[in-house]
Each structure stands twice: as C-alpha cells, then as structure tokens.
Amino acid sequence: MRKKEILQTEKSIALIKQTFASKLSEALNLYAISSPMLVNEDTGINDDLNGSERAVSFPVKFLPNNAVIVHSLAKWKRIRLQELELSIHEGILTDMRAIRADEDYSPIHSIYVDQWDWELRIAANNRCLSYLKNIIRSIYQALKETEEVVETQLDIPATLPSTLSFIHAEQLLQLYPHLTPKEREQAITKEYKAVFIVGVGHPLSNNEPHDSRASDYDDWSTETEEGYRGLNGDLLVWHAGLEQAIELSSMGIRVDKDTLNYQLALTQTTQRAQLFYHQLLLKEQLPLSIGGGIGQSRVCMFLLHKKHIGEVQASLWPAEIKEKAQQQQMHFL
C-alpha cells in the first residue's frame with residue numbers, strides 16, 4: 001500500500017507542477033529557462049534572504065574563491081534578463097533547487113528548497129503598488145486554476161477563496177498590536193484564507209520590521225500611493241489540516257539605484273555596494289524588474305492536503321521525525 005500511495009503522490013505532484021508552470025507562464029508572459037545551482041562566492045549574486053543565513057560553500061579546483069549553492073535566484077535572474085535582452089513585460093521562469101542549511105525543520109520547512117523562480121522586466125511607471133497587486137492577482141488566478149484541475153482530476157476539494165485579500169504590514173500591526181508578527185499572520189490568514197501582506201522589511205511604527213529582508217533585491221522602502229512603505233510582500237494561505245498559515249511566495253518589485261542606496265544605508269550594509277552585482281545596479285546596467293519565488297513543494301502540499309512537506313519532497317530529516325510520520329501514516333518520499 002505504501003508504494004502505491006507514494007507513486008500516486010508522485011503522479012499528483014507532476015500534474016500540479018506542469019499545470020501551474022504552464023498557467024503562470026501564460027499569465028505573466030514568461031519563458032522557461034535553465035538556471036544554476038551554484039554561483040561564485042563574493043560576487044553578491046547569491047540571495048542573502050534575511051542577511052544572516054549561511055550559504056553552503058566549498059572550494060572548486062579551477063576557481064580562486066569558493067562556489068556556493070544558491071539560496072534562491074533573486075539577483076541572478078535580473079542579470080539573466082539583461083543578458084537575454086528581453087523586452088518590457090517579458091520574463092523568465094525556472095525550476096530553482098537550493099540548500100538552506102540554517103533552515104529549521106518543521107511540517108512546512110526543509111533544508112531542501114524547490115521553487116518556481118520568476119522575473120519579469122517592467123517599465124519605470126510599473127514601480128507602484130497597483131502594478132504589484134495586479135501581478136499578484138495574476139499569480140493567484142494561476143494557483144486557483146491549478147486547484148480546479150486538481151479538484152477535477154484527483155477529486156480533492158478546492159479550498160481557496162474566490163479573491164485574494166491584501167493588507168499592509170502596518171495595517172496588520174494596528175489590527176493586532178499585541179501579537180507577534182507570526183501570530184498576526186496566523187490571525188489574518190485564518191480570517192481571510194488567502195492574503196498578501198505588503199511591505200515586509202521596512203521598520204513599522206513600532207520601529208521593527210514585520211520580518212527581515214535583505215537590502216539588495218526587493219524594494220521594501222518606497223512610499224506607495226496608500227501612504228505606506230514597500231513594494232513587496234508575502235502570499236499566505238490557510239492550511240485547514242494543519243490549522244495554520246503557510247507562506248507560498250515571497251516576491252516584490254526590485255530595487256532601483258536609489259532604493260538600493262537607501263536600503264544599504266538603513267541596514268548598515270553599504271560595504272556591499274562594491275560587489276559585482278551591486279555595481280551593475282548602481283551603474284544602472286540592469287533592467288527594472290519584478291520577481292519572486294513560489295514554493296513548489298508547499299504548493300503541492302497545500303493542494304494535495306498533505307500535513308508534512310516530507311510527503312511531497314525528498315529531503316533529509318531527523319530519524320525521530322520520520323518515525324513520527326510513519327506512526328501518523330504519513331508517507332515520506
């Protein structure tokens with residue numbers, strides 16, 4: 001029985017990945033491309049996430065410095081947009097594979113990360129909140145349409161609401177002033193079932209950011225037409241089986257020259273301005289863009305109503321976690 005369960009899960013994963021990638025590409029005008037798992041250390045190209053995670057680093061015989069396994073491709077994609085000379089409102093989509101060695105394991109976390117990493121070239125007048133929301137609505141629609149395919153072909157009930165709700169991190173703080181950021185996420189997602197939290201990274205009125213963000217890819221500091229700061233955020237959905245919110249995507253409009261300088265200064269990381277990637281940005285040699293990552297295993301876990309990411313992803317787990325999963329009749333890949 002276990003072998004049949006695993007094989008059926010693998011078939012279901014393939015259905016979801018093929019369907020969503022197709023619908024996302026169509027919605028955002030993206031071309032499927034290849035991407036690296038390794039980049040050169042000390043170039044500033046690797047995604048630093050919130051700035052504290054260690055990259056997996058190792059020597060390579062023909063390189064003067066180390067290679068690192070990517071955390072994501074947030075900055076590499078923007079360079080690739082330039083190299084491919086794509087037009088405005090054309091973009092790229094790739095299957096990203098990464099290792100995040102400092103990731104804490106949980107039902108929704110693994111050190112192995114698989115994402116749809118996408119990046120779209122935009123015009124200067126697209127660097128606004130209304131454009132960000134339109135792109136997010138397109139992504140959500142692709143997710144909804146994928147869920148409909150899952151419901152039809154696999155007989156798994158759809159749970160996503162018809163529309164996606166938006167709230168700024170400052171509004172969320174005012175709504176739940178006595179809760180921690182993670183508790184706020186749980187409360188708002190439980191209420192609306194699917195929500196995009198705008199403005200993740202800039203200090204709020206309590207002098208603390210909703211969550212940390214690296215200074216050099218998402219624009220979390222520009223003041224928007226609604227009077228708040230940030231052209232980025234996180235997409236969360238409510239997982240009824242786990243009774244918790246899970247983040248499916250982190251994304252945003254990328255920094256331009258001015259916001260990069262501001263965010264480097266605010267985070268006291270101005271020394272990064274000398275790195276290769278940052279010099280390209282400061283010399284305005286990279287296109288303006290919007291992009292993000294969408295967790296493949298998390299989307300599969302959510303749409304298949306699985307209670308642990310290990311059920312949809314082959315990764316490393318402590319022995320006690322695998323034993324507990326077997327006791328609860330969860331089939332790890």
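Which residue's side chain does a polar contact of 2.9 Å join to the side chain of E119?

Reply: In this predicted model, the polar contact of 2.9 Å joins the side chain of E119 to that of R254. The side chain of E119 also makes a polar contact with the side chain of K77, at 3.3 Å. E119 lies in strand 6, and its relative accessibility is 0%, so it counts as buried, the cut-off being under 20%. Leaving aside residues up to four places away in sequence, E119 touches a set of residues that includes L30, A74, R78, L81, G91 and I92, together with S289, I290, G291 and G292.

As for the sheet around this residue, eight strands form an open sheet with mixed pairing, in the order 1-5-6-11-10-9-8-7. Strand 1 (30–32) and strand 7 (165–168) stand at the edges, and because each has a single partner strand, one side of each is left without a neighbour in the sheet. On average, neighbouring strands of this sheet are turned by 25° against each other, direction ignored.

Helix 5 (residues 181–192) lies across strand 7, strand 8, strand 9 (232–239) and strand 10 (244–253), and runs at about 60° to strand 9. Helix 8 (residues 296–303) packs on the sheet as well, touching strand 5 (91–99), strand 6 (112–121), strand 9, strand 10 and strand 11 (289–295), with its direction making about 55° with that of strand 11.

Two loop residues complete the picture. E85, in the loop between helix 2 (76–84) and strand 5, has a phi near 55°, a positive value in a residue other than glycine; at 69% relative accessibility, E85 counts as exposed. H305, in the loop between helix 8 and helix 9 (319–327), likewise has a positive phi, of about 60°, although it is not a glycine; at 34% relative accessibility, H305 counts as partly exposed.

Definitions and conventions:
Residues are numbered from 1 along each chain as its sequence is written. This is a predicted model: local features need pLDDT of at least 70, side-chain atom pairs count only at pLDDT 80 or more; totals for chains, interfaces and linings use all residues. Side-chain values use heavy atoms; hydrogens and water are left out. Two strands pair if DSSP finds at least two bridges between them. Helices (H or I, at least four residues) and strands (E, at least two) are DSSP runs, numbered from the N terminus. Axes are lines fitted to C-alpha atoms, for helices over the stretch in contact, and angles run from 0 to 180 degrees between N-to-C directions. Contact means heavy atoms within 4.5 Å. Buried means under 20% relative accessible area, exposed over 50%, partly exposed in between (1.4 Å probe, protein chains only). A polar contact is a pair of N or O atoms within 3.5 Å; within protein, one must be able to donate a hydrogen and the other to accept it, and residues adjacent in sequence count only if both atoms are side-chain atoms.
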